[in-house]
Amino acid sequence: MYGDHHVLNALAVIAICHLENLDIDNIKEALLTFGGVKRRFSESFYDNQILIDDYAHHPREINATIESARKKYPENEVVAVFQPHTFSRTETFLNEFADSLNLADKVYLCDIFGSIREQQGELTIQDLKALSPNSDLISEDTVSQLQKHTNGVILFMGAGDIQKIQKAYVSTLSV
């Protein structure tokens with residue numbers, strides 16, 4: 001696993017296991033065989049592109065995902081495809097989202113995914129787009145634009161239904 005957050009998590013696990021007097025060989029084996037968790041930097045490969053599904057829906061998580069992609073694939077273009085989750089969170093962290101996403105080489109933004117408690121808001125995806133100069137909008141109907149990133153690490157990030165965008169894109173690749 002790549003990224004400072006993974007190192008810190010592993011160190012925390014080691015410290016707790018040490019405090020609990022667990023066998024060091026068991027700790028080492030667990031760390032060596034840990035395969036990660038669902039929707040955290042889940043990778044798939046298509047030609048020269050790497051597609052990554054990640055639950056990142058907070059600016060710090062976006063930072064960590066982009067950092068991990070840059071460390072693991074330093075020669076590749078990093079492309080962020082982001083779907084904000086909830087209008088209130090997007091409004092609260094609007095500038096931080098823009099700062100985080102601007103760490104990517106290219107950004108594609110999906111419409112804000114609401115929640116049961118808030119289906120709409122005054123804020124729109126255009127507000128985030130205005131703060132991210134290297135961004136374009138994307139939807140299931142326009143995913144083919146991702147094909148131009150031939151050597152890209154494409155990060156599909158969000159807590160809503162961002163996976164439908166990834167699925168739509170993959171279906172264009174198999175045609």
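The model is a predicted one. The chain has 175 residues, of which 41% count as buried. Its secondary structure consists of seven helices and six strands.

**Overall build**
- Starting at the N terminus, the elements of the protein chain follow the order α-α-β-β-α-β-α-α-β-α-β-β-α.
- Along the principal axes, the C-alpha atoms of the protein chain fill a box of roughly 55 × 40 × 25 Å.

**Nonpolar surface patch**
- Five named residues make up a nonpolar patch on the surface: Leu8, Leu11, Val13, Ile14 and Leu31.
- Together, the residues of this patch have about 420 Å² of accessible area.
- Helix α1, which spans residues 4-19, gives the largest share of the patch, with four residues.
- Ile14 lies in helix α1.
- Ile14 counts as partly exposed because its relative accessibility is 32%, and partly exposed covers the range between buried, under 20%, and exposed, over 50%.

**Second largest pocket**
- The volume of the second largest pocket is about 190 Å³.
- This pocket is lined by 15 residues, and those closest to its centre are Cys110, Asp111, Ile138, Ser139 and Ile165.
- By residue type, the lining of the second largest pocket divides into eight nonpolar, three polar and four charged residues.

How values were computed. Residues are numbered from 1 along each chain as its sequence is written. This is a predicted model: local features need pLDDT of at least 70, side-chain atom pairs count only at pLDDT 80 or more; totals for chains, interfaces and linings use all residues. Side-chain values use heavy atoms; hydrogens and water are left out. On a 1 Å grid over the protein atoms alone, a cavity is a set of points where a 1.4 Å probe fits but cannot get out, and a pocket is an open set with protein on both sides within 12 Å along at least five of seven lines; lining residues have an atom within 4 Å of a point. Grid points are joined across faces, edges and corners, and a volume is the space filled by probe spheres set on the points. Ala, Val, Leu, Ile, Met, Phe, Trp, Tyr, Cys and Pro count as nonpolar, Asp, Glu, Lys and Arg as charged, and the others, Gly among them, as polar. Patches are made of residues with over 30% relative accessible area and no salt bridge: like charges are joined within 9 Å, nonpolar side chains (Val, Leu, Ile, Met, Phe, Trp, Tyr) within 5 Å. Accessible areas come from the Shrake-Rupley method with a 1.4 Å probe; for residues, only the protein chains shown count as cover. A salt bridge is a side-chain nitrogen of Lys or Arg within 4 Å of a carboxyl oxygen of Asp or Glu. Helices (H or I, at least four residues) and strands (E, at least two) are DSSP runs, numbered from the N terminus. Buried means under 20% relative accessible area, exposed over 50%, partly exposed in between (1.4 Å probe, protein chains only).
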